[in-house]
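Thanks for coming, everyone. Please have a look at this one with me.

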Amino acid sequence: MEGVIPEPKGWPIIGNILDIDLSFPLSSFLKFADEYAGDIFRIRFPGRQVIFVGTQALVHELCDESRFGKNPVGALLQVKNGVRDGLFTTRTDDPVWGIGHRILMPAFGPMPIQDMFTEMHEVSAQLVLKWARHPPTTPIMVTDDFTRLTLDTLALCSMDFRFNSFYHDEMHPFINAMSAFLFESGNRSTLPPILTKLPVRSANKKYWQDIEILRKTAREVLLARKAHPTGRKDLLSAMLDGVDPKTGQKLSDDAIIDNLITFLIAGHETTSGLMSFAFYQLLKHPEYYRKAQAEVDSVIGAGPIKPEHMNKLPYLSAALRETLRHSPTIPTFFVEALQDTVIAGKYPVKKGQPFSMLLPRVHTDPRVHGPTAHEFNPDRMLDDNFGRLSKEFPDFWKPFGNGQRGCIGRGFAWQESLLCMAMILQNLEMEMHDPSYELQVKQTLTTKPKEFYMRAKIRGGVNVGELAVRLNGGVAVSNAAKGRTGEEKAKGGGKPMSIFYGSNTGTCEAFAERLAADSVLHGYEATVVEPLDKAKGKLPKGQPVVIITASYEGQPPDNAGEFVEWVEGLKGNELENTDFAVFGCGHRDWSKTFHRVPKLVDEVMEETGGERICPMGLSDAAEGQMFTDFEQWEDEIFWPAVEEKYGAAIDGEDGLHVSSVSVEFSSPRTAALRQDVKEAVVIDAKGLTTDGWKGTASAEKRHLEVQLPAGLTYRVGDYLTVLPVNSSEAVNRAMRRFHIAQDANITISCEGRTSLPTGIPISVYDLLSSYVELAQPATKRSILALAEFAALPSDKSTLLALAGANYTAEISRKRTSLLTILSRFPDTALPFSTFLSLLPPMRIRTYSISSSPLRDTSRATLTYTVLSSPSFADPEVDHAGVASSYLASLTPGDKLSVSVRQSHAAFHLPAEPEKTPIVMICAGAGVAPFRGFIQERAAQIAAGRNLAPALLFFGCRSAEVDDLYREELEKWEKIGAVSVRRAFSRDTSASATAQSKGCKYIQDRLWEERKEIVELWERGSKTYVCGSRGVGENVKKAVIRIAMEMQRGVVEKGESEEEPSEQRAMKWFESILNDRYAVDVFD
């Protein structure tokens, strides 16, 4: 039966051009692939149309060179304007291509490439030394420096020309012209031809100017070699002297210029992108970084890298293969039909029909790689498995193109990448400048990471001079090996200590900053306050080392993964003479892995020679008093133990209420910028609940849509983190309490560390709004500090009781803030500087994104509950959630600071939605991620995909009040994107009872519908749960109850003799957790 290739609806003449993001076309093509199952779809451009394919099977068919051939189309036709008859812009049937191909092939053979090793090594050493000379905290623009490396290497090896890019701050004009030329070539390929010829279009004029720079540079290189022959054997000499064995012809000067530009373009952009993507992936997955580095250390050691080492690095090679699988730097290549034919057994196509191989989809085909297709894992690309996959799934990996038109310089690029990667891993310790960075992609004709920065530190204790000796073939001896030791002295004269934190949400980082600020009061100075990953392999000795870290579902925070992996790999007494203390945070809902990471660190550090300063401190986020727990551990356990071990560093007369912060009021107004988040713009803001929620125990639910910052992308199921602002009511309360005018400004100075903006004038209103938590429950320490300023003995006595026996009942449970306590004691003259020093820094909040990027890649929506209720501490004041109240105050046009954070790997839609049913379970605003899931499924169905069933179990109070997104869900139900099963806890109307089958809660509805749930489970379904801790626990109980009934059924059928039990059901439940059963709970 003849098939019809699906395609999005387009416009006359211009086709689908308005649906394509011209700054990042690949994102648009991938979006179409998601909608059309990635297999095959057609896109229409002005004057032409292209069929895109995204599976291994189709690519394998299209790589049959007897039926399909590569000829320049699209952007390559525009590139031809600059490189004319270069190898990759000339048709295969053009004699010029055959002559050039036959002359140049020998120049890229194994022996000539190995002969280039010395020059490759020289340029790689220039890059390593440049990075080594930077201070360890200097951000390095990875793609820029790898572009310098690859261009310099190509020019030196192929034509003995030195750009000397590492000796200039600015890029060579050739590089800038080439980047602009490639970007504009891509743009021109999507425009109507007439627009590419209009003289009034400024881009056209610059395009031809850039081409002239390229050709002028290549011409000068050629003329210089002809005027001064060197006898050197390289690519340029091969083109000058080579004779085509078939025709006896030589290349003309113009053809040589064409191919010089071709190789500089093709070779430097792709290899630069490969190494940039590789370091991103390795640093995001520290266990693989360590494996690659360990292989380099084992094979090469500290000596010079030699050509024979290149074939002895299988793991590093696998990491590069896996990088190109995930991020092919040339994301598409084209072929065209050589005659009328049929593809996939059902799609007829005409001769000349162009096809685009959409490699990011081809390389992640779940039919080849299974459910882990989108995960980065170099092990899958090790030689044996790579060979097996190549036989079982031919053409599953095509980053270098196909057949006779495949990349002629593949061997060159591979040796260059292996050498440079090995040299960096051997000599430098790399880390992300921003551990929270998520991959963004910049596209010209090739792709590379956008705004990706790393930092470098020399390994092995050698200095830059010694490293230079090593890279030049000598043996460097480290100062440590010579017996020289040194201890960084605290700048302020205090005893040094180091503090390391592992933190995703900012809480542990805030604890670290607080401890650092307090250290001054004890006669210490925190010379290091850094993410835990920076401590891997270099924990200080002879001074207190404090580690503050959280566990997230049993896993370390993003900036602690490398350290934890390193610690787990310790086997002897490596940490001897390391004095340490650990404080850990966690959430008891993850009972199986509660506090796993801090406990692991604490135990292993002692087992490997470290000496524990004091017992580990632990805090449970579910209790809501983490700041108090930390301060109590710090004051009552940590500092007394430090003084006992090291001696008191200061006179104990000074109280802990003494503030290290001093303030100076001034008149100028300057705002400080946050760098960890970017600015988004509100597009839409609206309520989702009717007024019926008012006066009940329910809460308002709202919807917010934002325009994301440029370059910020997400997957359905991810989180949006928001940096909130305190409410104007809270800020005004604080300013009234301290009698500060609304227009007052402040300049902060601080002896120690602080998260407050120092040294610049700032509005007090802005400071209280943006930098500190005003609503956080007061800690025992802050209340004790307040007591020392009490004017009346009765006030002091009351405050001391609040910090003691009455703390849990009056402060913790009632969430009483320091500001609220201050309002009760008007005679207490607490200085404003002390007040600031007692407040924790403002933290980001995390919300599930409730939209799909298939709807609009540049926008995201949030669905949230506005937390607001009368305060238990002060009935005159509402207790309002800081972030939810902030979000509720926003209107279209307002700006907010956001970033994207990936959700747990298990909390994403199945890789094969056609085969895998899904069951989604939630209550209230927990519907957020599932709205995104269903929106994505609706887009895929609209594109013609046939998806497996999806059930949504949704619990709310009333059909009339908070049945969120009902109209949308009904529309999606009609097209088969979902089937909704509701439960109403407070609605007993006949209509609601009929809809919910009399079920009040979602766990009741699950039990009611258990037969269908079991049927879907047996078909391989995946279950997702999102909601409060109570929702998660009740759903778990219902699932275990269903599992026990399934066990009884198996016994009754005689298929098992093992009696059903809750223990068996619990064991089964734990086996599916974070695999086929994914949970996202919140407080």
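I'll take confidence, then a sheet, then a pair of helices.

This is a predicted model; local features need pLDDT of at least 70, side-chain atom pairs count only at pLDDT 80 or more, and totals for chains, interfaces and linings use all residues. Residues are numbered from 1 along each chain as its sequence is written, and side-chain values use heavy atoms, with hydrogens and water left out.

Confidence. pLDDT is the predictor's confidence in each residue, from 0 to 100. The protein chain has a mean of 87, and 92% of its residues reach 70 or more. Over residues 651-656, pLDDT is below 50. That stretch has three contacts beyond near neighbours in sequence (contact means heavy atoms within 4.5 Å).

Now the sheet. Helices (H or I, at least four residues) and strands (E, at least two) are DSSP runs, numbered from the N terminus. Two strands pair if DSSP finds at least two bridges between them. Five strands form an open sheet, ordered 1-2-8-5-3, with mixed pairing. Strand 1 (40-45) and strand 3 (68-69) are the edges, each pairing on one side only. Strand 3 runs antiparallel to strand 5 (residues 332-337), joined by two bridges. There, phenylalanine 68 stands opposite alanine 337.

Last, the helices. Which residues of helix 25 meet helix 26? They are Ile783, Leu784, Leu786 and Ala787. Their partners in helix 26 are Lys796, Leu799, Leu800 and Leu802. The two helices are roughly antiparallel to each other (angles over 145 degrees count as that).

Key:
Angles under 35 degrees count as roughly parallel, over 145 as roughly antiparallel, 65 to 115 as roughly perpendicular and the rest as oblique.
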